Amino acid sequence: MAGKKRGQWNSSFTFILASVGSAVGLGNAWRFPGLAAKYGGGTFILVYMIMMIIMGIPLLMMEISIGRKTQCGAIHAIGALNKKMQWIGWSATLNSFVIVTYYAVVFGWVILMAAISPMFASMTHNAEEAGKLWMKTIMTTGTTDGFFTTSTAALLALVIAWIFIYVCIRNGASSVGKVVKFTVFAPVICLVIMAVKGLFMEGGFEGLVVMVTPDFSQLLTADVWIDAVGQVFYSLSIMMAIMFAYGSYLPKTTNIARDAVIIALADLGVSLLSSLVMFTTMGGVGMLDNMSTSGVATAFIIYPQAMVNLTGSGVFNAIFAFIFYFCLCTLAIDSAFSIVEGVSASIADKFKLSPKRTTFIICLIASTLSLIFVTGSGLAFLDIVDYYANNINLVFIGILETVAVGWFFKTGKVLEEINRNTKKFRMPKWWFFISVKVIAPVLLSGFFLWNFYTLISKHHGVYGAADGYSLTSNIVLGWVVSAVVILFGIIFSVIEHVFIKNEKYDPIPWDECKGGDEIRRNN
């Protein structure tokens, strides 16, 4: 019913935990270390930190502050800047919906590996068998052939994953606040245990040296900068509708400038800790050359091979494997339900719907669609969708958002909201303006054009052709999905303007928003 109070975080600390939980996910645990290995350890870490400073932190502050000011999800939040820009919020919301359909599957795979980790006890020093366990269990072909086969174990794990996601998010900020108090600290404890183990392994220090040794020649390659930006966006959960939603649950007294920096630094810290675990463990088992930028390959193929070579004790190896996958479970759950919350808040605010009912419907639809990723072709399908959702859609949405805020709205109003409750630690005008108005849109436009050029020139528009991915799967799961994500909001906005014309669903203009003073979302 209209007029009921919008759910809020019960403290700034809870908001920080929830945001850190969203930011710290599987990408920190496996993709960040893989990219560090690819681009010369310290070089990628340096580039990542630069991209976080010049783009990540300002854009994180931007989304949180717009969410708090408007007290709405992405669609209405961006529409409050300019009603004609609502379609950008639609794009961010729909792309997040696409991402969660397959992210939940990866979460399910992690649950599955934790459940079958005792099997590693009988595979001591048998790296070949350990590396095949996951693919055998999920019954994947690795190509786009095999759509009509399904692994019962993978399907069951997916169901469990979606149940966990819904239970954690069903009551919005209230239930999320209770969950993150465990799920944020648990993986850090696990990672510290594994890092200590890795450092004391013979060869572990060698892995640490490789991790921090830079290869400055990589600074001249475009790919390292593009991958760093993609990792910053994905890791900090920006351009994904999430931070608008999380910001909308904040009271007006929150110090956004301070909290955003804490979130970013915590995210970087976990990425470095995860890298320490990966590099020292791989160094300890003599597999430093086996690290991959593919998070899926690292977590489910390469790391199991390392696990069975940790010691001569199969029981110890199995226990350590369980700790690793339990750690990944706690990392995955926060990120998964935060994506759902971003989508749910955006849709519920747009159409004045019950948040709890909206969340349930979104989980139901997304879980149904995610079934295609547990078929025999599921791994290939997931790889295709992930490529387009992140390399094409996410970067393009970043361009749209920064141009909308930097050039079609008074950027100073957003900066004023960021610095609303702080006198000592303030976001400088020059930093925020240069980032939002110039650096972000220019660099992101360059990265988008480069990604698009690479897809067309090197892959002839068919991503993964060398791996057996078909043109049809690229069209359906790549080009069509991207077109829907980008164009749906425009088409719907035109239809709404011409045929519906219902002010009930219009966003409240920025200057009329009262931040935490006025609560508009239905409960």
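**Salt bridges in a predicted model**

Glutamate 496 and lysine 350 are both buried (buried means under 20% relative accessible area, exposed over 50%, partly exposed in between, with a 1.4 Å probe and protein chains only). This is a predicted model, where local features need pLDDT of at least 70, side-chain atom pairs count only at pLDDT 80 or more, and totals for chains, interfaces and linings use all residues. Residues are numbered from 1 along each chain as its sequence is written, and side-chain values use heavy atoms, leaving out hydrogens and water.

User: How many salt bridges does a search of the whole structure find?
Analyst: Here a salt bridge is a side-chain nitrogen of Lys or Arg within 4 Å of a carboxyl oxygen of Asp or Glu. Searching the whole structure with that rule gives a count of 7.

User: How far apart in sequence are the parts that glutamate 496 and lysine 350 tie together?
Analyst: The two form a salt bridge, with their closest N and O atoms 2.7 Å apart. Glutamate 496 sits in helix H20 (residues 471-500) and lysine 350 in helix H15 (residues 314-351), so the parts tied together are separated in sequence by 146 residues. Helices here are DSSP runs (H or I, at least four residues; strands are E, at least two), numbered from the N terminus. The separation, then, is 146 residues.

User: Which helix holds both glutamate 128 and lysine 132?
Analyst: Their side chains meet in a salt bridge at 3.2 Å, N to O. Glutamate 128 is exposed at 56%, while lysine 132 is partly exposed at 39%. They're 4 residues apart, so about one helical turn separates them, in helix H6.

User: Which residues do salt bridges with shared partners join into one network?
Analyst: Arginine 420 pairs with glutamate 417, closest N and O atoms 3.3 Å apart. Arginine 420 is partly exposed at 35%, and glutamate 417 is buried at 6%. Shared partners make one network of Arg68, Glu417 and Arg420.
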